[in-house]
Amino acid sequence: MNAKVALLRQDENKTFMHPDTPCSVSGASVARFADIEILRYEIPGFANLPLERKLFIYHLSRAALAGRDITFDQNGRYSLRLRELFEGIYLHYEGERDHEEFRGVEEYLFRLWFSSGIHHHYGSEKFEPQFSRAYLCGLIEAVQVERGELLYFHGRELEELLEVIFNPHLEPRRTVQSGEKDLLQASSANFYDPEVTQQEAEAFYREAYETLTEEERSTPPSLGLNSRLARREDGKLYEQTYRIGGLYEEALSRISAELHAALPYAEGERQRETILALLDYYKTGDLEEYNRCMISWVGDTQTEVDFINGFTEVYTDPLGMKGMWESLVHIRNHEASKRTEKLCREAAWFEKHAPIDERFKKEEPRGVTATVVSVAMLAGDSYPATPIGINLPNADWIRATHGSKSVTIDNIHEAYRGASRHSGMDEVFIPNPEVRALLAKYDNLTDHLHTDLHECLGHGSGRLLPGVSADALGAYHSTLEEARADLFALYYMADEKLIELELLPNHEAYKACYYRYLLNGLVTQLVRIRPGHQLEEAHMRNRALIARYVLEHGEAIGALELRGLELIIHDYAAMRPIIGELLREVQRIKSTGDHEAGRQLVERYAISVDPELHREVLTRYTQLGIAPYKGFVNPRLEPVLEGDKIIDVIAHYDEGYAEQMLRYSREYRTLSTAPISLETLRHPEPSDATLEAAKELRSNLRHSMDGQVASSMRSKGLYYGINFGLTLDYIIRLAEKQPKTEDLASYILSRDVRELKIIGQLIYPPECMTYEKATELALTVSSNPELRDYIAKNLFDRIPESTHWALDWSLCSNVSSRQEILPVAFTVLVRKITKGFIIQPPVWRQRLLNILLDILSDGMVAYPTTQQRTALLLLKRWGREDKAIREQILSSASLSSWRSSESPVLREFADDITFELEEYPSN
Ligand SMILES: [Zn+2]
């Protein structure tokens, strides 16, 4: 815990700033907490771009930020709700903040933002809360009672969240990629229903692959990339596809709207095509469409502004199939791009001379482009922690046939260097001053070049043998793929060719790269691992794999040694053949899909941590007080308006970390937990048994149909898709004979048939009902008075928590369809009050009363609205049962103004209320 985490709380407008944030400085520290430091980056040259480029970037950036919630949800099914809970406390708690436990709560939220979830972004282990359960519950209650906020966190729902926070055995790790245990059961990333096993998921996708035709297999879709694998009630698995009309609909709609807005500013036809294909893909979820989009994107190499927006990297999925949502928008850095263009022009030479088997070489490596860029916006899985280079697409066949695109992100690199220059790491871990001098001289240069070689050439080299599946290496794929790219870079770093190309000045420079790389893989990267933990993340594993392999084989010939924590290299030249040999083997494993050899390599070199060494590394490191992880705040892109026309866009570098996160949560909240939640979107497909039961029920209804009653109901304004006109008694008897399963209940509730809806309400198992589901159901019946009354009576009467839900619907402004839900909320409250429920505490009473009076005060209507009718009913019932409220109503300014109003509707309200409350008080 660092003192810098304390933020100034300026005013009610919630401006949080790091007290000593220097503005507009690349690499400047914005916040420091846990093992993390937040830096600022700049977009060089943004101000000088032509307006159309700025507008393009502006809309693409908004499309990027609109997907933020998806990443949170993919990281864990509790992330969004916990974010909302902690943000609510952070914003609304009015008690003592200068308190150790409160700082623990604050730090938890800061980390949650940073990880887009509750697990460490790198190590994947769950956060340990630095505050007690009792303390947190106290904060929640204070915020609820004093501020009327966060009311929807209570009862079973809250209990579940508290368990997730405090029970270390629940959701302990986000991603577990190896080990004896079932990987899906051990991982809590939200790509599979909780009880789906690894074996089942693997079988599901094996089967999906087998059903592809021979032709489809030559250009295969990335199976499973854009979906969550769920289970139906009858046990069968099915995919919940990320698309408009499917999972994450609201976020994808918002992203699509911004992409549409960006379309007119695209640089040329090719880029337009890419955006259109992406829009189709988000609409349909069709992976063929995604391939089309990527092919078009890869071919588009000339534009100044480019972007990534989609379900991309698969590291978070223990099975390496599901893509995390991410987005970056970037601008070409013309000067620096020349460096990588040089490499790309020589791609064929590098492929030809690679120390790998001829069978595994790409015949004509083509389209490998690499560009040096500056990012203008980071989002989703790339924010706030971000990569410094990107190489896409991931599909091997597209890379082989259409090429790939690679970027090195220079302004992020620059910010990192700015921050680390004076950290003191080298003084501690490199005792030999000569080595330090070597690094000081060449580090910068070789660091760039290594990234370029890795991204531009490494990932793009080699090929799979025909018939080998891209997923053949399963959980080991990510580590081995990164190792392959790094090995390629390391091998060529020591090559004459780089001097010839004038990318390196001499035969000394590569040594800086070798020393730095090996020291990192063997020693310094361990500062990011907590005591007792293993290496989990693919890039870290890859570095350990290479460094330990080289150490083992180099030590045997006296080329290098690790003495304590000191790396001593005696013979740099001797290491290159070892690197070449390992590259040859890793390429063979990939090209032939040799899962077993891949597994052995990774398990042997890449996972375990020597506890002795680790302890020593941590001890020295702690003394330095550096944050091992860095992340970034984005610039704030502000449009300058003239009328409603944007005439300029300005990049501001003034936002603090919490400030930015809270703004994003406010402005880009797409998948919030209320009112239509993720859970409700995940309605399973009905099982066969359910479909059968529903069919029988329907034929039963048809036989007893009473057409006359139905048409008389219609004439009274009760509309149903289908109405069999049956009496409530008959319906109740029919309901008694049905299985009381949630599957059947939610299925028939979703049909537009009056009797099925009523039966659904009657048979719904109360223990399965949640706030989200209740909200969704309430919205579906809100305009139908008959169903509204029935749902209150048949369903909500059986659920004690529903009182809170109804209060929440009435009081909370963050329920987005609040107007529609109010009639149900009021109807439920009428019943609860009649049964003796007393609305407490005083703040809520006052708020509810004001809301009711406000709704009724709108006299501009010819007839009372549904909201008004139900509000009137509630006001009368509440006034009859509660003396204090009665007196308040009768003496209210509203009531007297209605009496003398021009509006007949208001005068009628006044009469009605006065009559009822004065004549029929029940106490
Ligand atoms: Zn890579």
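Which helix does His804 lie in? I looked it up first: His804 is in helix H35, residues 802-811.

**Ground rules**

I am reading a predicted model, where local features need pLDDT of at least 70, side-chain atom pairs count only at pLDDT 80 or more, and totals for chains, interfaces and linings use all residues. Residues are numbered from 1 along each chain as its sequence is written. I take helices (H or I, at least four residues) and strands (E, at least two) as DSSP runs, numbered from the N terminus.

**His804**

His804 counts as partly exposed, because it has 18 C-beta neighbours inside 10 Å. My scale: buried is 20 or more other C-beta atoms within 10 Å of a residue's own, exposed is 12 or fewer, partly exposed is in between, with C-beta atoms placed from the backbone.

Then I looked for contacts, meaning C-beta atoms, placed from the backbone, within 7 Å of each other. Leaving out residues up to four places away in sequence, His804 touches Leu151, His154 and Gly155. His804 and Gly155 are 649 residues apart along the chain, yet their C-alpha atoms are separated by 9.1 Å.

**Domains**

I noted two domains, with bounds from an automatic or database domain assignment. Domain 1 is 77-188 and domain 2 is 674-799. Their C-alpha centres lie 36 Å apart.

**Helix H1**

H1 (51-65) came next. It has 15 residues and reaches 21 Å from its first C-alpha to its last, close to the 21 Å expected at 1.5 Å a residue. The expected span is 1.5 Å times one less than the number of residues. I found H1 largely enclosed by the rest of the structure, because 12 of its 15 residues are buried. Among them are Phe56, Tyr58, His59 and Arg62.

**Helix H10**

H10 covers residues 249-262. Its 14 residues should span 20 Å at 1.5 Å a residue, and its end C-alpha atoms are 20 Å apart, which agrees. I listed its buried residues: Ala251, Leu252, Arg254, Ile255, Ser256, Glu258, Leu259 and Ala262. What do they pack against? Their partners are helix H1, helix H2 (68-75), helix H11 (269-284) and strand S7 (305-311).

**H11 against H12**

I followed H11 to its pairing with helix H12, residues 287-299. The two pack at about 160°, with axes 8 Å apart. Axes are lines fitted to C-alpha atoms, for helices over the stretch in contact, and angles run from 0 to 180 degrees between N-to-C directions. H11 and H12 are therefore roughly antiparallel. The classes: under 35 degrees is roughly parallel, over 145 roughly antiparallel, 65 to 115 roughly perpendicular, and the rest oblique.

The crossing is left-handed. That means the near helix is turned anticlockwise from the far one by less than a right angle; clockwise would be right-handed. Residues of H11 that meet H12 include Ala277, Leu278 and Tyr281.

**H38 against H39**

I checked a second pair. Helix H38 (residues 866-881) and helix H39 (residues 883-890) pack at about 125°, with axes 5 Å apart. H38 and H39 are therefore oblique to each other. Their crossing is left-handed. Leu875, Trp878 and Gly879 in H38 meet Ile885, Arg886 and Ile889 in H39.

**Helix H22**

H22 runs over residues 538-556. Its 19 residues should span 27 Å at 1.5 Å a residue, and the end C-alpha atoms are 27 Å apart, which agrees. Gly558 follows H22, and its phi is positive, near 75°.

I found a cis peptide bond from Tyr383 to Pro384, with omega near -5°. Pro384 lies in the loop between strand S9 (368-380) and strand S10 (389-392). Another cis peptide bond joins Gln840 and Pro841, with omega about -15°. Pro841 sits in the loop between helix H36 (818-834) and helix H37 (842-856).

Ser124 is not a glycine, but its phi is positive, about 75°. It lies in the loop between helix H4 (100-115) and helix H5 (133-147). Is Ser124 buried or exposed? With 25 C-beta neighbours inside 10 Å, Ser124 counts as buried.

Glu502 also has a positive phi, near 60°, in a residue other than glycine. Its loop runs between helix H20 (496-500) and helix H21 (509-522). Glu502 is exposed, with 9 other C-beta atoms within 10 Å.

Note on methods. Two residues are in contact if their C-beta atoms, placed from the backbone, lie within 7 Å.
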